[in-house]
Amino acid sequence: VNTKFQNEIAPWAQNEGKGGAFKESSAHGQRATGLLIRALRFYGNATGRDLINTEPGFNFVQQSIDYAIHSTTPTMDSRYSYGDQPGTDHTGGLNDYSREAVYEAALSVNDDTLKGRAQYLLNNMWPPISSYDFEKVWEFQAYREGAPVIDYRTDGQNSIPTFHLVRGVGLALMRSGWTVSDTYVGLLAGNLSNMPHQQGDVNSFRISKGGRVLVTDANRFSASGIVAHSSAHSTMTFGGWEQTAFGADRRRPGEIIKFDSVPGEGGYSYVAGSAGDSYRQRDGSDPINEFIRKLAYLNDIDTVVDYVRYDMANPSLTKEWRIHSDLAHPFTINENSYRFNNSPDGQEGYQVFGNCLLPADVQITQEGDYYGRDGALSSHQLLEVIDNQEARGNILNVLQIAPMTEKKPLPTQVVKAGTYMEGAHVGDRVVLFGKSAE
């Protein structure tokens, strides 16, 4: 066991598992996390060697608590999902396996602060207790009844930031706060490999607000939960070419290449992701040389600014920027602007005022996603198609989030600073992106 730990588990935890999560998928990963922690705990009980807390450089279990907290949505009943979502719930809903990963970690770590934060999550997440018969036994054995709780949202020095990076998975998470009404934004830029249950969602992003999705993916509302096409995610396709898992030995992995956040008034979170070789085909051909996505979330004006940089190996291919909304909320398009919402009744909820500022010759259309039972319409997607035959270029979108009562967005326009920077002027805020990789 010790040899396997040193040769397999520890190196994995410092690379693909860095950040406390599994790349395979968020659904399968939460079960695997709980089982791994339990095995390490039992090994420690049997041998007296505490690998979880004393092994140099091994902090996967501690990181799994941070991941569980930040990946749990503001409604505390679902998780930022990626990869295949089996079963009947494809929305990333929490379940017994979600609880298992947290109570096993809370029982196993020595850090009292992490224990308290994990206990708060367990006491406030949904479901509030395990329901599967076999999981009831494990929760009875591992749950710490009456254990100290630390409210990580508001507890002074024990409060945690509203941004988090899960390096191994390649997942950057940002939020405006910890209440149900807050905005929740994520960008996924992990590497595709031959591991099962991954999907073509490298450099995809999502936005939710008030406990309901705004920008999402088509897999969430599919009948199967295993719709892996890139066109089913809020990422790019090129001439219809999708991402593939061919070649686990990619020379350029998909990855987060920059992540930064400035809290407080006027603050922001910024992430840059690279798709690497994610579009490389079985024969080794690749339609692109580079696809970089840079995303800035401005807390005080509740706005996401999305900047895509592409470099084409085949300039004749069209470039397709995609986002998805749920079945009940199609897009309204007016030239280079668009609008959609997550309102349950046309009055409550939130809307997005979207505007494509670059390029000027973009063509914006709407299509249906037909992934429901028997091929039924299940969600909607907005496409920005660029057909300019140019090898290099940039796509700039501003997505302003506002209550349904708001009648018009803040004014927006393109801003350029010299040769190497451009971005958006939104209200009284200016966001500039460098044309370099980061």
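The following questions and answers cover a predicted model.

Visitor: Which conventions apply to the numbering and the side-chain values?
Guide: Residues are numbered from 1 along each chain as its sequence is written, and side-chain values use heavy atoms, with hydrogens and water left out. In this predicted model local features need pLDDT of at least 70 and side-chain atom pairs count only at pLDDT 80 or more, while totals for chains, interfaces and linings use all residues.

Visitor: At what angle do the axes of helix 2 and helix 5 cross?
Guide: Helices here are DSSP runs of H or I with at least four residues, strands are E runs with at least two, and both are numbered from the N terminus. Axes are lines fitted to C-alpha atoms, for helices over the stretch in contact, with angles from 0 to 180 degrees between N-to-C directions. Helix 2 (residues 26-47) and helix 5 (residues 96-108) have axes that come within 7 Å, and the crossing angle is roughly 30°.

Visitor: How are helix 2 and helix 5 oriented to each other, roughly parallel or roughly antiparallel?
Guide: Angles under 35 degrees count as roughly parallel, over 145 as roughly antiparallel, 65 to 115 as roughly perpendicular and the rest as oblique. The axes cross at roughly 30°. Helix 2 and helix 5 are therefore roughly parallel.

Visitor: Which side chain meets R38 in a salt bridge?
Guide: A salt bridge is a side-chain nitrogen of Lys or Arg within 4 Å of a carboxyl oxygen of Asp or Glu. The N to O distance is 2.6 Å, and the partner of R38 is E100. R38 lies in helix 2 and E100 in helix 5, so the pair ties together parts 62 residues apart in sequence. The name asked for is E100.

Visitor: Is R38 buried or exposed?
Guide: Buried means under 20% relative accessible area, exposed over 50%, and partly exposed in between, with a 1.4 Å probe and protein chains only. The relative accessible area of R38 is 5%, so R38 is buried.

Visitor: Which residues are linked with R38 and E100 in a network of salt bridges?
Guide: The structure holds 17 salt bridges. Besides R38 and E100, the network links R31, R41, E104 and E135.

Visitor: What is the phi of M76?
Guide: Most residues other than glycine have a negative phi, and most peptide bonds are trans. M76 is in the loop between helix 4 (60-71) and helix 5, and counts as buried because its relative accessibility is 15%. M76 is not a glycine, yet its phi is positive, about 65°.

Visitor: What is omega for the cis peptide bond that joins L358 and P359?
Guide: P359 lies in the loop between strand 14 (350-358) and strand 15 (363-369). The bond from L358 to P359 is cis, with omega about -10°.

Visitor: What separates the C-alpha atoms of H90 and A223?
Guide: H90 is in the loop between helix 4 and helix 5, and A223 in the loop between strand 5 (212-215) and strand 6 (236-238). They are 133 residues apart along the chain, and the C-alpha separation is 8.4 Å.
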